[in-house]
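Colleague: I am new to this structure and would like to understand the words that are used for it. Could you show it to me, and then let me ask about the terms one by one?

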There are 2 protein chains.
Amino acid sequence: MTFHTRILIYLKEGVLDTQGKTVAKSLTDSGYSNLRNARVGKYIQLWIDADSREKAYEEADRMCDDLLVNELIEDYSIEVEEQ
Amino acid sequence: MTFHTRILIYLKEGVLDTQGKTVAKSLTDSGYSNLRNARVGKYIQLWIDADSREKAYEEADRMCDDLLVNELIEDYSIEVEEQ
């Protein structure tokens, strides 16, 4: 079975988010004065062959640990849905 | 009230995703042979002052149209939660 996993990767609280600051400034400069804050992260979709949803989750989690996430400065969350 | 909006921005189907291809190649080269495909997008969090969830959604949608999304090649989805 192929599972569609959706991974959100975002900077930990307290880590300076220069991209987010730039987005927030652009938006407030464009007149969106009701914007309080913006933070920019990554959205990675993976399609993984696995026997079960749990296995697909574990596999995605390992990929995050190994390669996708810099755990020093980033946090992440994973959602798995059957394809 | 401040609403936390989570925006997912991803390339439209059919648009070549070079970043996704690179991620997929790195992962399969690292031994993850059960990976079928990978696509990379953006995850933007906005904190917006608004009178209601609907107003916050509309405001986020306008920001996407104006500045955050290139609708020629990208699609997006918005989720709003009360802060």
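Colleague: Why is B:D29 called exposed?

Modeller: The model is a predicted one, in which local features need pLDDT of at least 70 and side-chain atom pairs count only at pLDDT 80 or more, while totals for chains, interfaces and linings use all residues. Residues are numbered from 1 along each chain as its sequence is written, chains are lettered from A and ligands numbered from 1 in the order in which they are written, and side-chain values use heavy atoms, with hydrogens and water left out. Buried means under 20% relative accessible area, exposed means over 50%, and partly exposed lies in between, with a 1.4 Å probe and protein chains only. B:D29 has a relative accessible area of 56%, and therefore B:D29 is exposed.

Colleague: What makes the contact of B:D29 with B:K25 a salt bridge?

Modeller: A salt bridge is a side-chain nitrogen of Lys or Arg within 4 Å of a carboxyl oxygen of Asp or Glu. In B:D29 and B:K25 the closest N and O atoms are 2.6 Å apart, and the pair forms a salt bridge. In general, side chains of opposite charge can pair when their charged atoms come close. Both residues lie in helix 1 (residues 18–29) of chain B, four residues apart, about one turn of the helix; helices here are DSSP runs of H or I with at least four residues, strands are runs of E with at least two, and both are numbered from the N terminus.

Colleague: Why are A:D29 and A:K25 separated by about one helical turn?

Modeller: They are four residues apart in helix 1 (residues 18–29) of chain A, which means a separation of about one helical turn.

Colleague: Which parts of chain A does the pair of A:R6 and A:E79 link?

Modeller: A:R6 forms a salt bridge with A:E79, the closest N and O atoms being 3.3 Å apart. This pair links distant parts of the chain, since A:R6 is in strand 1 (residues 2–11) and A:E79 is in strand 3 (residues 74–82), 73 residues apart. A:E79 has 38% relative accessibility, so A:E79 counts as partly exposed. Over all chains, the structure holds ten salt bridges.

Colleague: Is A:L27 buried or exposed?

Modeller: A:L27 lies in helix 1 of chain A, and because its relative accessible area is 0%, A:L27 is buried.

Colleague: Where is A:G14, and how do you know whether A:G14 is buried or exposed?

Modeller: A:G14 is placed in the loop between strand 1 and helix 1 of chain A. Its relative accessible area is 79%, so A:G14 is exposed.

Colleague: What is the relation of chain B to chain A?

Modeller: Chain B can be laid on chain A with an RMSD of 0.0 Å by a turn of 180° and a shift of 0.0 Å along the axis. That is the relation of a two-fold axis. The copies are superposed by least squares on the C-alpha atoms of residues with pLDDT of at least 70 in both. Of the residues of chain B, B:K42 comes closest to the rotation axis, at 2.3 Å (C-alpha).

Colleague: Why does A:K42 count as partly exposed?

Modeller: A:K42, which lies in strand 2 (residues 35–49) of chain A, has 31% relative accessibility, and so A:K42 counts as partly exposed.

Colleague: Which residue is 4.4 Å from B:Y76 in space, C-alpha to C-alpha?

Modeller: That residue is B:I9, which is 67 residues apart from B:Y76 in sequence. B:Y76 is in strand 3 (residues 74–82) of chain B, and with a relative accessible area of 22%, B:Y76 is partly exposed.
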